[in-house]
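I wanted to write each thing down as I looked it up.

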Amino acid sequence: MRLLCLWCRLSRTDVDPFLFQNPLLTRYYGIPFSFRNHEMSQRVAIIGAGPSGIVAAKFLQQEGLQTTLFEQSDQAGGQWHVSNSLSGIWPGMPTNTSRIMTQFSDLDHLPELSAFPVVEEIQDYLQRYLDTFDLRKCLRLNCWVERIQPDQSGTWSVIYRTAEGSTVQENFDFVLVASGRFNQPFIPDVPGLPFPDDPNTLIEIYHSHQYMGPNVFKGKRVLLVGGAISALEIASDLALKSDVKVSIAYRGQRYVMKKAAQGVPTDHINFSLYEALAAERLSSDELAAKMRDFIVAEFGSPDEFGTPKPNEDVRIAGVTKCDHFLGLVAQKRIKVHPFISRIEGNTVHFTDGSYAQFDAIIFATGYQLDMPFLRADEAQVIGLDSQHLGLYKNTFHPDLPGLTVAGFYNQVGPYFPVLELQARWIAYVWSQKIESPGEDSMRKGLKEYLNSWKQQQKLPMHKLAMLFARASGVEPDLEQWPDIARALWFGPLSASVFRLSGPDAVTDAHQKVHAAAQAFGMITEPFFTAAEKERLQSISVRIAT
């Protein structure tokens, strides 16, 4: 027995990190017994090798599970792989989130990157992530998953088609769906809307998912439909870079922020630990008023630039982000219309009675949830429809053990830190590093979610980050880090914030948190300002002096 324990402690040549703990050996020999064996390692299928699938593969492998990444394209990266026909991102598109908030905790961007990298730089980052953590061995490229279904043995069958056209079935202990929520474009019903492929139509119909740059629209009259980021960014891209007559139509005017305020990315300002706790402790009315005041003070009210006046309540009006849109409206290079009432030939009629002729319409009207590989039975269990997915904390379901979904939440703000936190939670639960959520808790959480289906589905980044951080036991203990307290409270809620405490804490996390807060000149001194102290007092937080 002693020899067996010694071998287990010293041997690292045939290691597959699935942990089997023997309490008898721990009791008698005073050390945990770790038996790592390929035959005992549990298998995980991840559907989709975008950011969510890639970071999940990293943490699942780290926790000892054998991971297979199924990707239908010829390269990992998901939406960031722009040559992928299913990508909805156009070449050269800059991110609307800062580089610090568009990276994972264990790999930094290259130092020469701008504040807001372009899509190709994010794709390069994801490729470096694959190489750094030896994840390419997990990839199954050009594999189209056709169906997943529970097996009688308690495992999950994954049926997929290879590039050669053959159909293969494999069984896995777990399946993680990370195929993304931005794959099935949604175009609303509009009277007179022609079919996109109708050769007799007088007007070209596109979805923003198909936009690949301004060149094909030169000399044309183009109408964007939608009021969120994609619509404003594409309208601006067309107006700035080509000879296009650009208009935009939407139902209601949103407040518009730029990507940076006084040189600091707005995602550093709007998504912090303070904002996360304020969202829990302050009233919705107070939070909405503070948000509107911030936007108007920093960027102006949209009607000052020539748009309709937004509702005073920012919760009703909504908020979006774009650097150039309002300025181009003020210059009359983008014309604003109310929503479409009907289309006749190439004439678009608007709800205010006005009309205009167009050569093309680009609908930037969002996406519908889509999991074509799920059987009807499983889809019904999770309540899958075009906009809803009934899961405990956006992840688990008590009636589908072994199946999780990652990255399908409708989020406002940077995704990368949240994707990493959710991946860690899943990895810790499946490897039994932490306790799995109980059935009663899951059913209670599901009931609460089902009661809120008619409410706004968008969730702020900091709310989701704290949800997953608490579930996985990695919420930072602020009292342990007095030297970076100001950076923690008011710096960006980066992925490194959640490597300070709990499982997988790393020794340099506090340095990264400090550096992120100092970036762009945001927080250069350790001492709280009077305004910051007042804000902390408003959420019942006392700062030691």
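Predicted model: local features only at pLDDT ≥ 70, side-chain atom pairs only at ≥ 80, totals over all residues.

Entry one. I began with an open sheet of 3 strands, whose order is 4-5-6 and whose pairing is antiparallel. I noted that strand 4 (144–150) and strand 6 (167–172) are the edge strands, and because each has a single partner strand, one side of each is left without a neighbour in the sheet. From one strand to the next, the twist averages 20°. I then followed strand 5 (residues 156–161), which pairs with strand 6 in the antiparallel sense over 6 bridges, and I found that tyrosine 160 has valine 168 in strand 6 as its bridge partner.

Entry two. I turned to another open sheet, where 5 strands run in the order 3-2-1-7-22 with parallel pairing. Here strand 3 (139–140) and strand 22 (403–405) stand at the edges, each with a single partner strand, so one side of each has no neighbour in the sheet. Strand 1 (residues 43–47) pairs with strand 2 (residues 66–70) in the parallel sense over 5 bridges, and arginine 43 has glutamine 66 in strand 2 as its bridge partner.

How do helix 3 and helix 12 cross? I found that the axes of helix 3 (residues 51–62) and helix 12 (residues 416–430) come within 8 Å and cross at roughly 40°, and the two helices are therefore oblique to each other. Their crossing is right-handed. Among the residues that meet, I listed Val55 and Phe59 in helix 3, and Leu419 and Ala423 in helix 12. The residues of this contact divide into 10 nonpolar, 1 polar and 2 charged.

Conventions. Residues numbered from 1 in each chain as written. Heavy atoms only, no water. Pairing = 2+ DSSP bridges. Helix = DSSP H or I, 4+ residues; strand = E, 2+ residues; numbered from the N terminus. Axes fitted to C-alpha atoms, helices over the stretch in contact; angles between N-to-C directions. Parallel < 35°, antiparallel > 145°, perpendicular 65-115°, else oblique. Left-handed = near helix turned anticlockwise from the far one by under 90°. Contact = heavy atoms within 4.5 Å. Nonpolar A, V, L, I, M, F, W, Y, C, P; charged D, E, K, R; others polar.
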